[in-house]
Amino acid sequence: KRLLLLNGPNLNLLGNRENDIYGDFSLEDIEKSVELIAKENGFELECFQSNHEGELIDRLQDATGKFNGIIFNPAAYTHTSIAIRDTIKAIKTPVIEVHISNVHNREEFRHHSMLAPVCYGQIVGLGVMGYKLAAMAFIEKN
Ligand code: DQA
């Protein structure tokens, strides 16, 4: 059993980026804590971060049939990407959209997700815990 953890643009900067909004933890901290939950429950975790829309699309396409679920923080592409939406719709693997911050108490342009309607679920505003809860949801489901 396998889970894929995908993170989009600028999330490689976590820990050094708007810490008041995103917290002090790094992307590596997130990956480690999700990996722990996965391993404890007999799942393997693969992690990938990219600042490039096309690379995220390639990873999503490649994931079909190979993973039980995808935990995905698409970052700013959430609000703009019809291309990523089409990919999520096309692949068979369920995706949970995760946001570290509560996008609903931020700027208006962050309130809308292009992707949520084609995702299995969405978690916002819970920091690192959001990624862990997404992993738990897939573990429970499989
Ligand atoms: C984010 C929210 C997005 O609006 C923003 O562009 C990000 C991070 C979050 O995790 O809270 O880069 O996805």
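Residues are counted from 1 along each chain as its sequence is written. Everything below comes from a predicted model, in which local features need pLDDT of at least 70, side-chain atom pairs count only at pLDDT 80 or more, and totals for chains, interfaces and linings use all residues.

View A. Tyr-22 sits in helix α1 (residues 19-22), and His-99 in strand β4; helices (H or I, at least four residues) and strands (E, at least two) are DSSP runs, numbered from the N terminus. His-99 is buried, with 22 other C-beta atoms within 10 Å, whereas Tyr-22 has 18 such neighbours inside 10 Å and counts as partly exposed. Here, buried means 20 or more other C-beta atoms within 10 Å of a residue's own, exposed 12 or fewer, and partly exposed in between, with C-beta atoms placed from the backbone.

**View B. Around the ligand.** Look for Asn-10, Asn-73, Ala-75, Ala-76, Thr-78, His-99, Ile-100, Ser-101, Val-103 and Arg-110; a residue is near a molecule if its C-beta atom, placed from the backbone, lies within 6 Å of it. This shell has four nonpolar, five polar and one charged residues. Ala, Val, Leu, Ile, Met, Phe, Trp, Tyr, Cys and Pro count as nonpolar, Asp, Glu, Lys and Arg as charged, and the others, Gly among them, as polar.

View C. Asn-73, in strand β3 (residues 69-73), is buried, with 25 other C-beta atoms within 10 Å. Arg-110, in the loop between β4 (95-99) and β5 (121-124), is partly exposed, with 17. Not counting residues up to four places away in sequence, Arg-110 touches His-79 and Val-103, contact meaning C-beta atoms, placed from the backbone, within 7 Å.

How values were computed. Contact = placed C-beta atoms within 7 Å.
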